[in-house]
Amino acid sequence: MRKVFYIEGDGIGPEIWAAARPVIDAAIAKEGIEPILWEELLAGNKAVAETGTPLPEETLKSLQGADLAMKGPLGTPVGSGIRSLNVALRQGLDLYACIRPVNHVPGLETPVKHPELVDMVIFRENTEDVYAGIEFAALDPRARKLVDFLRDELGITGISPDSAIGIKPMTEQGSKRLVRMAIKYALDNGRKSVTLVHKGNIMKFTEGAFRQWGYDVARDEFGDLTCMAKAPVAGRLMIKDRIADAMFQEALLHPAEYDVLATPNLNGDYISDALAAQVGGLGMAPGVNMSDRMAFFEATHGTAPDIAGKDKANPTSLILCGAMLLEHIGSKNAGSRIRHAVRRAIDAKRVPGDLAPQIKDGKMVGCREFGEIVGSFI
Ligand code: NAI
């Protein structure tokens, strides 16, 4: 049996996990591939209740030796309290790339006229940028010290001494490995282009450098397989770049011109949710966090506290994470079986509350029942 660790997660996590797991197991059984031995690890509220800490040492240790894992969302208090568990996991396991495929499931009405034109895969850098967790509150003596240092040592004026301060570290190595993974994926999957999404016009030495390092990787490591937008070569992967704000506009106006996106951490966070909304919402958006060693699958959405415990969540994101997991371990057929079952369940028009208003004559069913409906089409 192949071992896969899982973390149920907080909020709607346990509900979507309970609905998704049987669907994944059913696809495995139907395809006759090696079954999965699911092994639970504690994190979040369940871990606090059982061990007194949100991220027990044992969880981190097990994950550090693992190659496959899956998780529901974990809550993070805004503004105070514990640091984000998701960020701690991504950094602790060096899960440097967050990969989110975004495409439309036929039958779903969406806010745009042609959602079927969206077929993008986002590669978001996951360990650097303003997410590095180096941030000091206004009036914290350490923030004051930094302001003093900037003024006295670097001659930077105009920063108010009562500023809150955050730091945005971005490295050549961190940017290049992300872009390298995106280019490899695009080449392996017959994609047409990789777009570097950055804000280099304003943040020249961080985001501007990301853009340059991205082009450097393409030229130095994939020179005979790639081309630049200025000089297109038939049959080669095109590398281009867009400024982040323009990319949001482009995603709405010309989605068919974009394919694989490679982006620093914060831009990637924003564009993932925006693109997910464009094709039918967060409840439909799967993802995977990758290091060179492991693949850690997780839904794009959060704990949805407004509907948690009410059997109202849409488990599709986690079900589609299952499809990605099975494809990742080499069973394209089992992955397709799950995608096909989701499509048929949507065609059947009995769907969770977030989708019902988006489907003509859609009727609302609970999270558990929707999981059973998808399972019945496996
Ligand atoms: P959220 O994604 O939890 O919710 C945003 C909206 O989308 C809510 O109206 C919610 O009901 C709806 N929604 C999300 N997932 C849904 C689903 N599967 N089915 C139906 N509706 C769904 O974002 P929010 O409220 O900003 O964050 C809540 C908590 O989740 C925070 O503590 C945040 O830090 C955490 N979070 C965790 C993530 C992770 O574990 N990867 C990712 C994003 C947020």
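A residue is called buried when its relative accessible area is under 20%, exposed when that area is over 50%, and partly exposed in between, with a 1.4 Å probe and protein chains only. The structure described here is a predicted model, in which local features need a pLDDT of at least 70 and side-chain atom pairs count only at pLDDT 80 or more, while totals for chains, interfaces and linings use all residues. Residues are numbered from 1 along each chain as its sequence is written, and side-chain values use heavy atoms, with hydrogens and water left out.

By the definition of burial, both Arg-90 and Glu-298 are buried, and their side chains meet in a salt bridge with an N to O distance of 2.8 Å, where a salt bridge is a side-chain nitrogen of Lys or Arg within 4 Å of a carboxyl oxygen of Asp or Glu. Side chains of opposite charge can pair when their charged atoms come close. The pair joins distant parts of the chain, since Arg-90 belongs to helix H4 (residues 85-92) and Glu-298 to strand E13 (residues 295-298), 208 residues apart; helices (H or I, at least four residues) and strands (E, at least two) are DSSP runs, numbered from the N terminus.

Besides the salt bridge with Arg-90, the side chain of Glu-298 has a polar contact of 2.6 Å with the side chain of Lys-71 and another, of 2.9 Å, with the side chain of Asn-289. A polar contact is a pair of N or O atoms within 3.5 Å; within protein, one must be able to donate a hydrogen and the other to accept it, and residues adjacent in sequence count only if both atoms are side-chain atoms. When neighbours within four places in sequence are left aside, the residues in contact with Glu-298 include Asn-86, Arg-100, Pro-286 and Cys-321, contact being taken as heavy atoms within 4.5 Å.

Ile-12 counts as buried because its relative accessibility is 3%. Beyond its neighbours within four places in sequence, Ile-12 is in contact with residues that include Pro-73, Gly-302, Thr-303 and Ala-304. Ile-12 and Leu-74 are 62 residues apart in sequence, and their C-alpha atoms are 9.5 Å apart in space.

Returning to charged pairs, the count of salt bridges comes to 25. One of the pairings is Arg-191 with Asp-259, whose closest N and O atoms are 2.8 Å apart. Arg-191 sits in the loop between helix H6 (172-188) and strand E8 (193-198) and Asp-259 in the loop between helix H8 (244-253) and strand E11 (260-263), so this pair ties together parts that are 68 residues apart in sequence. Arg-191 and Asp-259 are buried. Asp-220, by contrast, is exposed, with a relative accessible area of 51%, and forms a salt bridge with Arg-219 in which the closest N and O atoms are 3.0 Å apart. Glu-8, Glu-40 and Lys-46 are linked in a network of salt bridges.

Most residues other than glycine have a negative phi, and most peptide bonds are trans. Asp-311, which is not a glycine, has a positive phi of about 55° and is placed in the loop between E13 and helix H10 (316-328). Lys-349 likewise has a positive phi, near 70°, and is found in the loop between helix H11 (332-347) and strand E14 (350-351).
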